Amino acid sequence: MIGHRSPEFVELYQSIQPDLQKLLYTEDPVFISTSSAWGVMEGSLRNVVKKGVLNCMSGAFSDKWFDVSKRCGKHAKPLQKEWGVAIKPEDIRRELSTGEFDAITLIHNETSTGTMNPLEEIMEVLKEFPDVISIVDTVSSFTVLPIKKDELGVDVILTGSQKALALPPGMALLSVSERALDRAKELDDRGYYFDFHEFKKNHDKGMTPSTPVISHIYALKQQVAQINAEGLENRYQRHRHLNGIVHEWLNEKGLKLFAEEGYASVSLSCVANDGSLNIPAMNTYLRENCNAQMDQGYGKIKGKTFRINNMGNETEESIREYLGMLDRAIEATGNL
Ligand SMILES: *Cc1c(COP(=O)(O)O)cnc(C)c1O
């Protein structure tokens, strides 16, 4: 292990920085947090919400962000859509027009429901509200498709290590705009561990505020090298292709996506169980016969849905192999 105040660490930290900025299409610094995504999701609220935050909600993760806002003592209001229904730009315009908010949280890809929100259109609306700081979670969409932070005008963008990045859990990335840093200066209860200005001050020296998870940073460097070797466009294309394979399989089976039409995720497919599948029995079959398992739905749609992932390091071979296992599980459990 190397010391986190050593020249070796500074070299490691600074060597990944240009690549991370490229992946986010940003010139803002990309901070590395030793926490899961929730650390920086909570931390962002503490850094930028002064007047009030509008929490866009349509699934387990986005709903929870509202709860976290209240636990931080913030004035928070839900923009609640039914699970699986996308957040629409006009909903946001209507809510922000009240003048009640100076921050907004949005989950780009709601992992629990397999719904992708129309980020570009939403960010267009946000340009009408220059005092509102945007916090966007890209935990399950980062590097799945291009997310051009600066062009879109996203203030705070964040992701975790274990989903779209396909690394072990325990690390998060966040990139913060100048506007968001200015806002943070106006708040004196930002705390320490996730304070944007602590991140920035240390970042300027090629370091993190406290001892970081150095082993994950090596893994990040390796994963970034692999992403570069594949090529970003190829990576985006692979995700679309694999997602398409899953959708085709669902069509053949007569199964439907849970997400509102037109807003299905490119990272994963959340399948609505029409009642013909015995999901727990299928899972038992997979565990006993295929050395595999399946998702059984998340939160309040557990049992009513299941999800098939195609993000990270999945390949056509791994996806087809897995769909083959699901075929066998369906056959063995006597459904459809
Ligand atoms: C998994 C997930 C999170 C939470 O990640 P943790 O690693 O548990 O902190 C947040 N947002 C989205 C969209 C997720 O999929």
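This note walks through the pockets and the cavity of a predicted model.

1. **Largest pocket: size and centre.** Start with the largest pocket. Its volume is about 550 Å³. A set of 24 residues lines this pocket. Those nearest its centre are Arg 307, Ile 308, Asn 309, Glu 314 and Tyr 322.

2. **Largest pocket: elements.** Two elements each supply at least two residues of this lining: β12 (305-309) and α12 (316-332). The largest share comes from α12, with five residues.

3. **Largest pocket: classes.** The lining of the largest pocket holds 12 nonpolar residues. Another seven are polar, and five are charged.

4. **Second largest pocket: size and centre.** The second largest pocket has a volume of about 300 Å³. Its lining is made of 16 residues. Closest to the centre are His 108, Asn 117, Leu 119, Glu 120 and Leu 145.

5. **Second largest pocket: elements.** Here α5 (119-126) and α6 (149-152) are the elements that give two or more residues to the lining. Which of the elements gives the largest share of the lining of the second largest pocket? That is α5, with three residues.

6. **Second largest pocket: classes and location.** Nine residues of this lining are nonpolar, three are polar and four are charged.

7. **Cavity: number and volume.** How many cavities of 30 Å³ or more does the structure hold? The count is one. About 60 Å³ of space lies in the largest cavity.

8. **Cavity: lining.** The largest cavity is lined by Ile 32, Ser 33, Thr 34, Tyr 193, Phe 199, Thr 208, Pro 209, Ser 210 and Pro 212. By class, five of these lining residues are nonpolar and four are polar. The lining of the largest cavity has no charged residues. By contrast, the lining of the largest pocket has five charged residues, and that of the second largest pocket has four.

Note on methods: Residues are numbered from 1 along each chain as its sequence is written. This is a predicted model: local features need pLDDT of at least 70, side-chain atom pairs count only at pLDDT 80 or more; totals for chains, interfaces and linings use all residues. Side-chain values use heavy atoms; hydrogens and water are left out. On a 1 Å grid over the protein atoms alone, a cavity is a set of points where a 1.4 Å probe fits but cannot get out, and a pocket is an open set with protein on both sides within 12 Å along at least five of seven lines; lining residues have an atom within 4 Å of a point. Grid points are joined across faces, edges and corners, and a volume is the space filled by probe spheres set on the points. Helices (H or I, at least four residues) and strands (E, at least two) are DSSP runs, numbered from the N terminus. Ala, Val, Leu, Ile, Met, Phe, Trp, Tyr, Cys and Pro count as nonpolar, Asp, Glu, Lys and Arg as charged, and the others, Gly among them, as polar.
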